[in-house]
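Please view both before reading on.

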Amino acid sequence: MNIKEDLYNSCEVFIDNRLKTVQHTIDDIQKSLTSETKSSAGDKHETGRAMLQLEREKAGNQLAEIQKIKETLAKIGTTRTSDIVNLGSVVYTSNLNYFISISAGELKARNETFYAISPSTPIGQLLLGKTVGDSISFRNQEFIIKEVF
């Protein structure tokens with residue numbers, strides 16, 4: 001397995017964990033909705049149900065967002081390489097290392113630290129289309145791209 005595959009797999013684990021969390025939340029809300037019984041305080045009951053419905057809607061939106069993230073990750077070919085930074089690139093810079101994929105935060109692969117970032121993030125936008133030797137400036141810091149694959 002190459003380092004790109006390791007990073008890709010870490011991103012899949014990140015998504016699966018988020019999916020499990022949201023699914024658990026939806027299940028809890030569903031249980032609460034079905035166990036809500038009409039009490040003598042009718043208004044209180046209706047307010048509680050409305051709040052649960054809002055929570056369920058929010059969780060549904062999170063579920064849709066996770067699906068979009070999964071689709072983005074699925075577009076990445078772990079065996080493809082390119083000299084130009086694009087979706088799926090592993091980028092070594094003079095400061096930090098990046099995996100252009102999804103926003104999954106800090107990942108470890110082969111005793112190295114990488115930051116999984118979406119191409120739509122500010123740093124992702126700066127990196128896209130760059131090649132080895134190019135430099136970018138981000139938050140008053142200068143980065144030089146050392147390696148791209």
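Predicted model: local features only at pLDDT ≥ 70, side-chain atom pairs only at ≥ 80, totals over all residues.

Arg110 is partly exposed, with a relative accessible area of 47%.

*Backbone and position of Arg110*

- Arg110 is found in the loop that lies between β3 and β4.
- Although Arg110 is not a glycine, its phi is positive, at about 50 degrees.
- Most residues other than glycine have a negative phi.

*Salt bridges*

- The count of salt bridges comes to two.
- One of them joins Asp6 to Arg110, with the closest N and O atoms 2.9 Å apart.
- Asp6 belongs to helix α1 (residues 3–35), while Arg110 sits in the loop between β3 (105–109) and β4 (112–117), so this pair ties together parts that are 104 residues apart in sequence.
- Asp6 is buried, because its relative accessible area of 17% falls under the 20% limit for that class.
- Arg110, at 47%, counts as partly exposed.
- Glu106 and Lys108 also form a salt bridge through their side chains, at 3.6 Å from N to O.
- Within this pair, Glu106 is partly exposed at 46% relative accessibility, whereas Lys108 is exposed at 55%.

*Helix α1*

- Helix α1 contains 33 residues and spans 48 Å from its first C-alpha to its last, close to the 48 Å expected at 1.5 Å a residue.
- At the start of α1, a side-chain oxygen of Asn2 comes to within 3.0 Å of the backbone nitrogen of Lys4.
- The buried residues of α1 include Ile3, Lys4, Asp6, Leu7, Tyr8 and Cys11.
- Further along α1, Ile15, Val22, Ile26, Ile29 and Leu33 are buried as well.
- An α-helix has 3.6 residues a turn, so residues three or four places apart point the same way.

*Thr78*

- Thr78 is located in the loop between α2 (42–74) and β1 (90–93).
- The relative accessible area of Thr78 is 18%, and the residue is therefore classed as buried.
- Leaving aside residues up to four places away in sequence, Thr78 touches Asn2, Lys4, Glu5 and Tyr8.

- Strand β5 (residues 135–138) has a covered face made up of Ile136 and Phe138.
- Its uncovered face carries Ser135 and Ser137.
- In a regular strand the side chains alternate between the two faces of the sheet.
- β5 runs antiparallel to strand β6 (residues 141–148), and four bridges join the two.
- Ser137, on the uncovered face of β5, stands opposite Glu142 in β6.
- The two strands form a hairpin with two residues between them.
- Arg139 lies in the loop between β5 and β6, and its phi is near 50 degrees, a positive value in a residue other than glycine.
- With 69% relative accessibility, Arg139 is exposed, because this value is over the 50% that sets the class.

Note on methods
Residues numbered from 1 in each chain as written. Heavy atoms only, no water. Buried < 20%, exposed > 50% of the residue type's maximum accessible area, 1.4 Å probe, protein only. Pairing = 2+ DSSP bridges. Contact = heavy atoms within 4.5 Å. Salt bridge = Lys/Arg side-chain N within 4 Å of Asp/Glu carboxyl O. Expected span 1.5 Å × (residues − 1). Polar contact = N/O pair within 3.5 Å; in protein donor to acceptor, adjacent residues only side chain to side chain.
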